[in-house]
Amino acid sequence: MGKRNKWRKSMVLALALAGGLLFNTVQPTVVHAEETSQQMIDKKAKIDTEVKKLQEELTKLQKEIDEKVKVFNKVQADIKEVDADIVDTKKRIEQRSAILNDRMAAYQAQDNTVGVYLNAVLEAKSFADLMDRVVAVKTLMDADQELVDQQEADKANLEKQKTTLDEKQKELQKQFQELQQKESEMEVKKAENEAKSLALKAQIATKQEEERLEAERKAAEEEAARLRALQAATPVVQATNNNVNNNTSNSNASNANNSGKANNEKAPQKVVVGSGSGTASSGDAISTAKQFLGRSYVWGGSNPSTGFDCSGLVQWSYKQAGVSLPRTASQQYLATQRISASEARVGDLVFFSYGSGIAHVGIYLGNNTMIDAQNKGVVIESLDWWNQYLVGFGRIQ
């Protein structure tokens with residue numbers, strides 16, 4: 001019995017010592033795990049904050065664009081109002097012209113206005129009748145003079161309205177160009193911030209997620225680099241160019257000179273452009289685009305329910321023809337094959353810049369014309385005026 005008790009005490013002691021050793025061995029690991037977990041929480045919070053800052057940068061840029069859109073829409077509304085005023089003024093002028101022409105014919109039939117008074121005097125049956133006739137004729141002639149005065153006032157007003165309309169249309173074109181450049185800048189920033197955001201998220205991802213995020217980050221960085229290079233080195237056609245070969249590797253120095261000129265008023269430049277036949281898909285795309293002729297320009301619009309901006313019209317039209325294109329003018333430029341102006345054929349895309357980045361795009365129709373969505377809406381127009389901003393042509397693969 002004594003031996004058994006002694007053995008039990010020995011076992012209890014051994015177990016107690018073993019438990020102590022086990023506790024001392026595991027406990028630091030638990031503490032270390034807690035520290036690692038806390039560090040990961042802190043790291044995630046820091047990364048979330050940095051990702052949020054990246055998003056806030058884009059939000060700020062978007063707000064700037066939204067403010068410009070408000071100004072653009074206000075100028076558009078002003079132009080519609082001035083247009084309506086001009087229509088009303090012209091209508092009044094035409095109506096008065098008809099009345100005044102009738103009056104003039106009546107006066108000419110009497111030889112002159114004196115004849116009107118003379119007839120009134122000769123035909124009067126009494127002095128009172130004479131006075132009534134003179135007053136009536138005077139009233140009629142005063143009314144005619146008032147019509148003449150109103151006519152002159154409306155003609156002067158019409159000239160002022162036309163001047164205002166011209167100024168408003170120039171302002172709209174300026175806002176249109178600024179908006180498109182802002183979009184180009186926004187696309188670069190989006191791609192850059194997407195790459196940064198993916199790199200940050202990869203730091204707290206699982207191994208499997210990390211590999212996926214790394215692949216996405218590389219793709220985003222490549223896109224950002226392409227857009228950044230395009231933004232920094234957009235070639236603009238020169239007056240001496242008759243065969244535009246659009247390669248974004250043009251020197252930045254020459255581009256700096258070009259971009260400085262791009263925003264100034266310049267005379268239209270003659271560029272020799274080809275007019276080869278298009279493909280079946282380009283024909284379908286053009287037919288779709290033509291359905292929207294006269295539709296107002298809508299910033300950011302990419303379908304019939306919202307309306308169209310330039311790249312939205314191109315993307316939607318080709319989508320209906322079974323061809324997928326990216327959303328913005330810059331992305332469409334990168335997604336197409338560069339061709340010279342003389343090689344251009346119906347259905348190729350034609351790109352423009354106002355100094356930095358690809359800012360505008362249209363669908364080439366041949367015969368030096370294109371269909372595009374611009375500040376005046378969806379139109380078919382000559383390239384002559386646009387040649388001052390021409391970057392070049394792109395063929396859809």
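The model is predicted. Its open sheet has the strand order β3-β8-β4-β5-β6-β7, with antiparallel pairing.

**The sheet as a whole**
- Strands β3 (337-339) and β7 (377-382) stand at the edges and have a single partner strand each, so one side of each is left without a neighbour in the sheet.
- On average, neighbouring strands of this sheet are turned by 35 degrees against each other, direction ignored.

**Strand β4 and its neighbours**
- In a regular strand, side chains alternate between the two faces of the sheet.
- In β4 (residues 349-352), Leu-349 and Phe-351 point one way, while Val-350 and Phe-352 point the other way, and all are buried.
- β4 runs antiparallel to β5 (residues 360-366), to which four bridges join it; Phe-352 has His-360 of β5 as its bridge partner.
- Four bridges also link β4 with β8 (residues 390-395) in the antiparallel sense, and Val-350 is paired with Phe-393 of β8.

**Strands β5 and β6, and the packed helices**
- β5 and β6 (residues 369-374) run antiparallel and are joined by three bridges; the bridge partner of Ile-363 in β6 is Ile-371.
- Helix α6 (residues 280-290) lies across β5, β6 and β7, at about 110 degrees to β5.
- Helix α7 (residues 310-320) packs on the sheet, where it touches β4, β5, β6 and β7, and its direction makes about 50 degrees with that of β5.

**A buried charged residue**
- Glu-183 belongs to helix α3 (residues 127-202).
- Glu-183 is buried but has no salt bridge; Arg-327, the nearest side chain of opposite charge, is 4.8 Å away.
- Not counting residues up to four places away in sequence, Glu-183 touches Ile-65, Trp-299, Asp-309 and Thr-328.

Terms used. Residues numbered from 1 in each chain as written. Predicted model: local features only at pLDDT ≥ 70, side-chain atom pairs only at ≥ 80, totals over all residues. Heavy atoms only, no water. Helix = DSSP H or I, 4+ residues; strand = E, 2+ residues; numbered from the N terminus. Buried < 20%, exposed > 50% of the residue type's maximum accessible area, 1.4 Å probe, protein only. Lys, Arg positive; Asp, Glu negative; His and termini not counted. Salt bridge = Lys/Arg side-chain N within 4 Å of Asp/Glu carboxyl O. Contact = heavy atoms within 4.5 Å. Pairing = 2+ DSSP bridges. Axes fitted to C-alpha atoms, helices over the stretch in contact; angles between N-to-C directions.
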